[in-house]
Amino acid sequence: MNLLENFPAFLHGGDYNPDQWLRTPEIIDEDFRLMDKARCNTFSIGIFSWSQYEPEEGKFDFSWLDDIMERCRIHEKKVFLATPSAARPAWLAHKYPETNRVSAEGVRQPWGIRENHCWSSPVMRTKLALIIRKLAERYAAHPALAGWHISNEYNGACHCPLCRKEFVDFLKQRYGSLERLNELYWSAFWGHRYTAWDQVDPNDRAMDLAMLDFQRFNTQQVLDFMRFEIEALRDYSDAPVTTNMMGLYEGLDYWRIAEICDFIADDCYPVWYKGETEQTAAQYAMIHDMHYSMKGRPFLMMESCPGIPNYKPYCKIRRPGEFEREMLLALAHGADGTMYFQWRKGRGNCEKIHGAVVGHDGTDRTLVFQRVADYGAKLERIREVAGSLIRPEAAILYDWESAWALHNTKGFGEHAGNVTEQSLCGTVFSHYRALWTHSVPLSVLESACDFSGYKLLVAPMLFMMKPGVMERLVRFVEEGGTLVMTYLSAYVDENNLCFYGGNPGGKILRELFGIWNEDIDLFEPETKQTLRLSGAPLGGKTEFEVLRRCEYLHAEGAQVLGVYGREFYAGSPALTVNFRGKGRAYYIGADTEPDFLEAFYGKLLGECGIAPVLPDLPPAVKAARREKDGSAYYFVQNLSDETQCVRLPFAMTDLWNDAPASRELLLPPAGSAVLKA
Ligand code: GLA
Ligand code: ZN
């Protein structure tokens with residue numbers, strides 16, 4: 001199935017803001033000539049255009065958009081028309097200041113910037129519904145309309161009295177009675193017994209569950225707002241809807257947002273610094289895999305930068321091969337289209353230096369334009385790959401609520417709670433990277449997903465166990481699955497209350513893993529610790545350095561595969577496995593070096609019968625596979641600055657570079673190929 005019905009091709013295009021160029025119609029003529037030349041077929045339009053549609057309250061002008069939509073039809077461009085909620089007109093914010101957001105400190109924010117309206121203001125909703133309905137009525141039947149781009153990068157929270165009242169309603173609904181809330185909030189702590197609902201303060205840093213509930217509520221509020229926008233469209237249009245997510249942005253539980261999107265769209269802005277190529281590739285591969293996993297089918301990379309985003313620490317001109325490799329990384333991991341922010345660079349304001357397909361020279365002679373056009377032409381060559389699927393047998397878990405719970409918990413040293421390398425995201429990522437290194441298809445799931453059908457499930461630092469998850473993990477193992485869990489997992493339940501009866505997870509997981517995690521040793525860099533394997537070496541080594549975090553474990557039936565090498569707990573378990581039913585459950589008690597994880601997962605994947613999509617790849621070359629109608633397509637990417645030679649198991653044609661069938665593939669520095677058997 002293709003992303004858009006009746007459009008069996010990859011989407012290619014970007015954000016198009018012609019309303020910045022209405023004074024120079026010749027530039028708009030030129031845009032369409034250049035769009036054809038760059039083989040762009042899809043554009044997001046009108047994201048920030050409310051004040052152009054409604055320059056004065058109640059006075060509407062869609063003539064410019066009529067013209068643009070008509071041009072799109074003539075030039076066979078598909079359009080994602082936006083609901084314009086991300087940028088309110090000045091008149092609206094000034095006449096109705098209650099549409100402005102209130103900060104956590106209770107201060108009403110000024111108008112300006114964007115994406116900063118109150119989620120519940122009735123006047124905001126009335127005005128917004130009006131403009132959305134007008135757009136939907138006018139363009140629903142337009143042949144260029146492909147779908148609706150709902151708002152833009154939803155983010156942030158509002159603390160106005162109305163939003164706070166909704167928070168109280170959320171609490172009432174969730175807990176039913178104040179007595180229940182007091183119990184689950186553990187409110188005898190620091191004398192926090194609540195006697196009225198509105199005493200719960202989401203900014204009270206003493207109350208972990210208050211903070212967590214506000215984060216849950218915030219996602220609910222955004223969902224409600226998004227539903228409101230969609231409903232305003234639905235009287236007129238049943239075209240697909242989506243909103244552009246921001247990868248692992250911590251503020252919103254994107255799995256919930258995904259539920260009301262018809263397809264997933266994401267904004268991706270990697271930078272490729274020397275020495276960090278693999279790290280960056282793995283990180284974005286993980287994000288792409290998550291977006292594919294959310295619906296189990298292709299997604300859209302809605303925004304990316306054809307040049308360089310202006311806000312990065314170093315703004316290097318893209319090196320040869322780099323742009324194409326970034327786009328193909330998304331396709332390899334399940335995107336059915338790659339689009340840019342933005343089509344043409346504006347002349348003014350805070351994004352005037354941000355990369356775009358057409359620059360301030362206005363020509364097609366730039367490196368960026370030529371690369372985009374070349375990529376567009378090659379995309380047409382691999383058109384048959386669009387709609388193909390990925391079939392992973394291994395999955396890794398990342399839960400937003402678990403991240404919130406951990407980050408709201410005071411403890412575990414400075415590294416556990418920061419949104420850094422070392423945080424939950426960072427740990428999940430280091431395990432993902434170790435798996436990805438082996439070029440196997442991967443799913444990135446949340447703990448509510450169905451695990452059946454997977455052979456290997458990895459749950460790194462799954463701090464919170466939501467209701468039913470432990471039971472489902474047990475079933476997964478009993479039915480023959482291989483489960484890996486790590487340090488800092490299963491400490492709390494969905495109320496951020498610690499499990500009673502010992503970690504991990506009280507009785508249920510202690511039995512599953514056959515261990516008891518008595519405590520965690522979080523040490524300074526001067527303290528050194530190692531993990532010493534009890535049996536055969538892994539990757540040629542029997543002892544690995546471990547960093548910062550080591551759990552003090554006791555085996556309670558588990559087989560000990562590795563022990564600590566130093567400190568008073570030398571010789572105690574660091575790595576264990578427990579057999580249960582037809583499967584087994586591994587526990588990694590320490591924050592290990594990447595070489596351990598790579599070797600460990602290499603062995604485990606083999607034992608689970610999960611093979612790399614192509615055998616014997618050089619270490620700097622990664623491959624991914626997509627499948628359709630009995631054909632397999634291999635995306636092969638060189639992540640190094642040297643030419644790489646890949647021996648293929650059978651002759652394949654390189655669709656991307658238009659090369660005949662061969663058993664040998666030569667990839668130039670940063671080169672990519674799309675092979676078909
Ligand atoms: C986000 C926004 C765009 C633009 C880009 C710049 O993705 O959605 O409007 O600001 O960032 O990178
Ligand atoms: Zn509000």
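**Working through two ligand sites**

Ligand 1 is surrounded by Phe48, Arg114, Asn152, Glu153, Asn244, Asp267, Tyr269, Glu303, Tyr311, Phe341, Glu351 and His354 (a heavy atom within 4 Å counts as near). This is a predicted model, in which local features need pLDDT of at least 70, side-chain atom pairs count only at pLDDT 80 or more, and totals for chains, interfaces and linings use all residues. Residues are numbered from 1 along each chain as its sequence is written, chains are lettered from A and ligands numbered from 1 in the order written, and side-chain values use heavy atoms, without hydrogens and water.

**Exercise 1.** Find which side chains have a polar atom by an oxygen atom of ligand 1.

*Solution.* Begin with Glu351, where the distance is 2.3 Å. Next, His354 places a polar side-chain atom 2.7 Å from a ligand 1 oxygen. Then take Asn152, with an N or O side-chain atom at 2.9 Å (polar contacts are N or O pairs within 3.5 Å).

**Exercise 2.** Work out which atoms coordinate the zinc ion (ligand 2), and with what geometry.

*Solution.* First, list the donors: the SG atoms of Cys118, Cys158, Cys160 and Cys163, at 2.3 Å (donors are N, O and S atoms within 2.8 Å of the metal, or 3.2 Å for Na, K and Ca). Second, check the angles, which run from 104 to 117 degrees among the four donor atoms, making the zinc site tetrahedral (all angles between 85 and 135 degrees). Third, read the donor spacing in sequence: C-x39-C-x1-C-x2-C.

Conventions: Polar contact = N/O pair within 3.5 Å; in protein donor to acceptor, adjacent residues only side chain to side chain. Tetrahedral: all angles 85-135°; square planar, octahedral: opposite > 155°, others 65-115°.
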